[in-house]
Amino acid sequence: MKTPLLTHQNAHCRYRRGRKNCGRALWYAQSSLFKKSGRRNKVLIVMTSGKSDDKVGPPARYLKRRGTTICAVGIGRWYNARQLYEMASGRSFMFKSRFRNMGKMVGPIQRAACNAAGKNG
């Protein structure tokens, strides 16, 4: 059985407690991940379990103006819906889930990301 990319990538992520700086992560994505991507379709999946301690609007708008589609995923009970909305490239790219139901979200997130990238999910 093939492991979905989302699940595979998350298996290697360490959960870090403490401050949440989604704005800083968005700026990092622009400067490091998408720096040389040129005209290719770019998709960024941001997952957060709480309110960001910094501003997410300016970096999210910057990325979206440059052609990046942002899927924003709020996990648990403490994420900030307004910040998800600011980050996401539209309501169809906003996802919310409890920790225990994350497995059910892989398919919808993967379909949205693949459609944005121009590939069939």
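Author: Let us begin with a term. A nonpolar core is a set of buried Ala, Val, Leu, Ile, Met, Phe, Trp, Tyr and Cys residues joined through side-chain atoms within 4.5 Å. Buried means under 20% relative accessible area, exposed over 50%, and partly exposed in between, with a 1.4 Å probe and protein chains only.

Reader: Before we use it, where do the values come from?
Author: This is a predicted model, in which local features need pLDDT of at least 70 and side-chain atom pairs count only at pLDDT 80 or more, while totals for chains, interfaces and linings use all residues. Residues are numbered from 1 along each chain as its sequence is written, and side-chain values use heavy atoms, with hydrogens and water left out.

Reader: How many residues are in the largest nonpolar core, and which have the most contacts inside it?
Author: That core has 25 residues, and those with the most contacts inside it are Leu26, Leu44, Ile70, Met87 and Phe95. The elements giving two or more residues to it are α2 (22–33), β1 (42–48), α3 (57–65), β2 (68–75), α4 (81–87), β3 (94–97) and α5 (102–117). Helices (H or I, at least four residues) and strands (E, at least two) are DSSP runs, numbered from the N terminus.

Reader: What does Leu26 touch?
Author: Leaving aside residues up to four places away in sequence, Leu26 touches Leu44, Val46, Val56, Pro59, Ala60, Leu63, Ile70 and Met87. Contact means heavy atoms within 4.5 Å.

Reader: Now the overall layout. How many helices and strands are there?
Author: There are five helices and three strands, and along the sequence they follow the pattern α-α-β-α-β-α-β-α. Of the 121 residues of the chain, 37% count as buried.

Reader: And the sheet: what is the order of its strands?
Author: The open sheet of three strands has the order β1-β2-β3, with parallel pairing. Its edge strands are β1 and β3, each of which pairs on one side only. Two strands pair if DSSP finds at least two bridges between them.

Reader: How many bridges join β1 and β2?
Author: β1 and β2 pair over seven bridges; among them, Val46 has Ala72 as its bridge partner in β2, and Leu44 has Ile70. β2 and β3 pair over four bridges. Val73 stands opposite Phe95 in β3, and Gly74 stands opposite Lys96.

Reader: Why is β2 described as largely enclosed?
Author: Eight of the eight residues of β2 are buried, so β2 is largely enclosed by the rest of the structure. Thr68, Ile70, Ala72 and Gly74 point one way from β2, while Thr69, Cys71, Val73 and Ile75 point the other way. In a regular strand the side chains alternate between the two faces of the sheet.

Reader: Where do α2 and α3 lie?
Author: α2 lies across β1 and β2, running at about 155 degrees to β1. α3 also lies across β1 and β2, at about 140 degrees to β2. Axes are lines fitted to C-alpha atoms, for helices over the stretch in contact, and angles run from 0 to 180 degrees between N-to-C directions.

Reader: Which residues of α3 are buried?
Author: The buried residues of α3 are Gly57, Pro59, Ala60 and Leu63, and what covers them includes α2, β1, β2 and α4. Just after α3, Gly67 takes a positive phi of about 90 degrees.
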